[in-house]
Amino acid sequence: MNLHLSSNELFEKYPELKTRFKWTSRNLNYFFKSRLLVGYYNQRRQKVLIDEDSVLKLMEHTQSSIEEAIEDS
């Protein structure tokens with residue numbers, strides 16, 4: 001079963017989201033709405049809950065894109 005976390009829970013578990021990638025809650029919500037992240041809106045909690053694996057995959061993709069851009073320059 002995949003773990004779904006709120007943006008605050010993700011920032012606590014993965015501080016590099018803010019420090020390395022400079023992502024905010026607004027960015028994560030935008031990525032979710034753009035279907036870059038998998039998750040759902042929890043009406044009871046009134047929050048978007050994001051699949052942890054999808055965040056890890058997006059972080060990995062972003063990091064590899066950054067490294068590739070550095071190599072090409």
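Reply: Start with a term: two residues are in contact when heavy atoms of theirs lie within 4.5 Å. Helices (H or I, at least four residues) and strands (E, at least two) are DSSP runs, numbered from the N terminus. This is a predicted model, where local features need pLDDT of at least 70, side-chain atom pairs count only at pLDDT 80 or more, and totals for chains, interfaces and linings use all residues. Residues are numbered from 1 along each chain as its sequence is written, and side-chain values use heavy atoms, with hydrogens and water left out.

First, the setting. The protein chain has four helices and three strands. From the N terminus, their order is β-α-α-α-β-β-α. Buried means under 20% relative accessible area, exposed over 50%, and partly exposed in between (1.4 Å probe, protein chains only). Of the 73 residues, 33% count as buried.

Now the part itself: helix 4, residues 52-72. The expected span of a helix is 1.5 Å times one less than its number of residues. For the 21 residues of helix 4, that gives 30 Å, and the end C-alpha atoms are 30 Å apart, so the two agree.

Which residues of helix 4 are buried? They are E52, S54, V55, L58, M59 and T62. They cover an arc of only 160 degrees around the axis, so they sit on the same side of helix 4. That arc is taken from the directions from the helix axis to the C-beta atoms.

What covers these buried residues? The cover includes strand 1 (4-5), helix 1 (7-13), helix 2 (16-19), helix 3 (25-33) and strand 3.

Turn to the face away from the buried side. It carries the exposed residues K57, E60, H61, E68, E71 and D72. Take E71: its relative accessible area is 66%. E71 and S25 are 46 residues apart in sequence and 30 Å apart in space, C-alpha to C-alpha.

Last, the N-terminal end of helix 4. D51 belongs to strand 3 (residues 47-51). D51 caps helix 4 there, with a side-chain oxygen 3.0 Å from the backbone nitrogen of D53. Leaving out residues up to four places away in sequence, D51 touches N2, L3, H4, V38 and G39. D51 is buried yet has no salt bridge. A salt bridge is a side-chain nitrogen of Lys or Arg within 4 Å of a carboxyl oxygen of Asp or Glu. The nearest side chain of opposite charge to D51 is K57, 6.7 Å away. Here Lys and Arg count as positive and Asp and Glu as negative, while His and the chain ends are not counted.

Conventions
Polar contact = N/O pair within 3.5 Å; in protein donor to acceptor, adjacent residues only side chain to side chain.
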